[in-house]
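Subject: Structure for your review

Dear colleague,

Please find the structure below, followed by an account of what was found in it. I would be grateful if you could read the two side by side.

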Amino acid sequence: MFLKNVFKQTLLVMSMAAALGTSSLAMAADDTIKVGVLHSLSGTMAISETTLKDTMLMLIDEQNKKGGVLGKQLEAVVVDPASNWPLFAEKARDLIEKDKVAATFGCWTSVSRKSVLPVFEEKNSLLFYPVQYEGEESSKNVFYTGAAPNQQAIPAVDYLMKEGEVKRWVLAGTDYVYPRTTNKILEAYLKSKGVDEKDIMINYTPFGHSDWQSIVADIKKFGGEGKKTAVVSTINGDANVPFYKELGNQGISAEDIPVVAFSVGEEELSGIDTKPLVGHLAAWNYFMSVENDGNKEFIKKWKEYTKNDKRVTNDPMEAHVIGFNMWVKAVEQAKTTDTDKVAEAMIGQEVPNLTGGTAKMLPNHHLTKPVLIGEIQENGQFEVVSKTPEVPGDAWSDFLPDSKNIVADWTGKETDGKPCGNFNTETKKCSGQKYE
Amino acid sequence: MLKTTDFTRLLLLSVLLWLCPPLQAEQQSATLTQAAPLFQEASFDKTREAVDLLAASGDPEVVPYLQALLDGKLYQDKAQGTLVIAKDGNTGDELRKIPTNNSLRKYLRGAVGQLSLSHPDAAVRLKSANGLLETVTPEMATQLRGLLEKETDSAVKEALSLGLAMADLNAADKAVRLTAIESLAGNLHPGVRNRLTTMTTDSDAEVAKAAQEALRSIEDTAALYGHVETLFFGLSLGSVLVLAAIGLAITFGVMGVINMAHGELIMLGAYTTYIVQQLMPNFIDYSLFVAVPAAFIVSGAMGILIERTVIRHLYGRPLETLLATFGISLILQQLVRTVISPQNVPVSNPSWMSGSLEINSVLSLTYNRLYIVLFCLMVFALLYFVLRKTNLGLQVRAVSQNRAMARAMGVRSARVDALTFGLGSGIAGVAGVALSQLTNVGPNLGQAYIIDSFMVVVFGGVGNLWGTLVAGLSLGVVNKVLEPWAGAVLAKILVLVFIILFIQKRPRGLFPQKGRAAGD
């Protein structure tokens, strides 16, 4: 036990020292508010999640310079769940029980979120989850600051239908819960728009797939049958690089068969040769290239903080910025860090987002977000080709038969007065939080 | 399908365009001045209108502007609205880039194509003609016929006649339609197939029948080429498997060492490619020729180091060897994470490995895969030569068959062990160079291939190089034949199940070693 504590302390001191320099370490522990940061710093997800840890440390540092929250300084408690899903739950329990954090910012993959969910519910603590996800969930203890499917996938398909006059669809994804659920929703949506079954091709590949030749050849054949075709890609992680390379090698350009991706952002593009990707699309709620004063300032701060002029910003970072600012406002308003009071104060909070609009926390614990479609440029940035006004996030998709009658409302207004995350409007029953 | 030559020419053209100085307002023609306000609206619809306006003028002066818009190099002065072609990305604050999107660019390509049909360069003409194929209108057809008569280049001629034939399919006259169908029979262009498919429901029975027949012959040919394509995909996947496994065929097959760090030796080879490219950023096209020997030396030296420090003490104890080499694999991974980066590193493809060799409209072989198949065969031949025809090879075989006897004959078995392990590791490094061209280079690269490598060696028969080659290639082909039918995930599972069953029946693989040496 002693050793474990020492280890954790060292880890904390090290990460703080690395992040903050030597400035604000001399703070006594009891007059601080602790904030948990639960992102993988090693393993496969480290590539994406380390950036979010740095973002949180920057935001906390900045808030402390402004005088902290409720007159107290904030203290980041950084733990490393190492891309190991059960370890996420263990680390979350440590953060809540031992470190007594007021709130936790963390997780990336859906499976890690599902792993920590019971812990946050049992211990009644708050989690801010910053990544676009498949929806079909609303927990009292989680605030979803990333996009729900109706804030990313569906508007992207709408754009291609309208602007690209696309008639045939390839839904390609990595084989796990997020792509499978998203594609289920998209398939139902496309059919509701009159797309024929034989004009939809669905394909799943394992994590880290690298031999794309036959799949790309199939896509080429499927797209060569006279109708304009597009690929909706939920391919995750580094499998994207050989996929786009193969597209380029087989001579499929974005003008022939555009690929719209939901998991490819500035961070993912920063390490690769983007020439073969130019013109392919991505749908997010934020792009680094958006011209806006708030965004410009954020990028400047981020580059100064990381002391690296080449660092890029991305969508989940913006989600953390919004989530953190909302949490600060909610705590100030509730005048306490008590979970229930803060959760109540969170709903209806409004903070400016980085693209010039306003993010509002809805009663279903999702945000209002604008949907941006961007085309990949040669410099690894996106050029925005379409932007919608703010869309309210929908926790339960209207296009799946199982969830179309389900609503979430933690104020209880739409759920017969009793706050509920999955209320069936037909049977008038709340099915409890264990609904999967 | 963009051929490399087309691409270089296009590049040359755009370079020429950048060299032209930005034109001043007073020099811009009336059409440009007229279109400028439309560009200013910053909506794709208005930009399209502006493009129409420019294209309709037929003025050759507008072509560079349309081309610049297509290349994302057209800017507009915010205050005066004049259009400027930028030489590079560094423009001042007073200029605004005119945005385009995919559908607009496609449209632009058509417009530019139409305007450059009489370009002096045959390659440019061919490109424009190919861009027009499916959109030939009756008005354009007259123009095209005129151009066809004057055309001297055979490829351009062919493209123009194809476009005209496709336009004739819409003709009101039945005889014209029938001739068009006849001339299109056997043509594999995907546009032809789509048009003929719609023709099969033609109001005239005779035309519909002709279209059906033409379509059937096209589809038969296409199906044949489809099989050729699957075979090529299978061989290319197979040669990746062979490359990854062939080093292991020596260390595990010949020496009997269960080397779990084999994947990491491949990874070291891939990282060597990365470092070589970092050292010679201006000569990426030649980097692989340096990387192959460099990777052989790096991985080979690492292999000898591992053999001398660890494996040497563990001969005859397979379980300990397995654990120790697994430990080494983790150490090597962490080493790369610490020294280079935990993230994937970008390895560029030389230009001669990008793009594809177009055999016809339905069959094109990507260069990177093609070269890797050839490279695999070369490595195999070289290794076979070393083991069969050189002194070292003789000693390696002698030691692996009967160590005591070889020693009695004066072979320094310890030295041979080290060199054999070094050779196997070096080949793994060379495989890493090839893999760096196909997949992501990161600390986990090796893990993805270690299972496959063992699978191929065991399936082929331990200790047999030919077995490794046949096993790798056939597993690749089987995988690719199954893939369209079962999906990537299931295909792989089916292959594994097949191998498990096969090993149950024939534990010694496809080509078991015979004779006394096989006994131990």
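Chain A contains an open sheet of seven strands in the order S7-S6-S8-S9-S10-S14-S15, with mixed pairing. Two strands count as paired if DSSP finds at least two bridges between them; strands (E, at least two residues) and helices (H or I, at least four) are DSSP runs, numbered from the N terminus. The edge strands of the sheet are S7 and S15 of chain A, each of which pairs on one side only. On average, neighbouring strands of this sheet are turned by 25 degrees against each other, direction ignored.

Please note that this is a predicted model, in which local features need pLDDT of at least 70 and side-chain atom pairs count only at pLDDT 80 or more, while totals for chains, interfaces and linings use all residues. Residues are numbered from 1 along each chain as its sequence is written, and chains are lettered from A and ligands numbered from 1 in the order in which they are written.

Axes here are lines fitted to C-alpha atoms, for helices over the stretch in contact, and angles run from 0 to 180 degrees between N-to-C directions.

Turning to the interface, 37 residues of chain A are in contact with 37 residues of chain B, contact being defined as C-beta atoms, placed from the backbone, within 7 Å. The elements of chain A that give two or more residues to this side are H2 (46-65), S7 (200-205), H7 (213-223), H8 (240-249) and S15 (382-387). The largest share, five residues, comes from H7(A).

Chain B has 21 helices and five strands. Of its 520 residues, 42% are buried, that is, have 20 or more other C-beta atoms, placed from the backbone, within 10 Å of their own. Helix H6 (residues 122-132) of chain B is largely enclosed by the rest of the structure, because eight of its eleven residues are buried. Among them are B:Val124, B:Arg125 and B:Leu132.

Yours sincerely

Methods
Two residues are in contact if their C-beta atoms, placed from the backbone, lie within 7 Å. A residue is buried if 20 or more other C-beta atoms lie within 10 Å of its own, exposed if 12 or fewer, and partly exposed in between; C-beta atoms are placed from the backbone.
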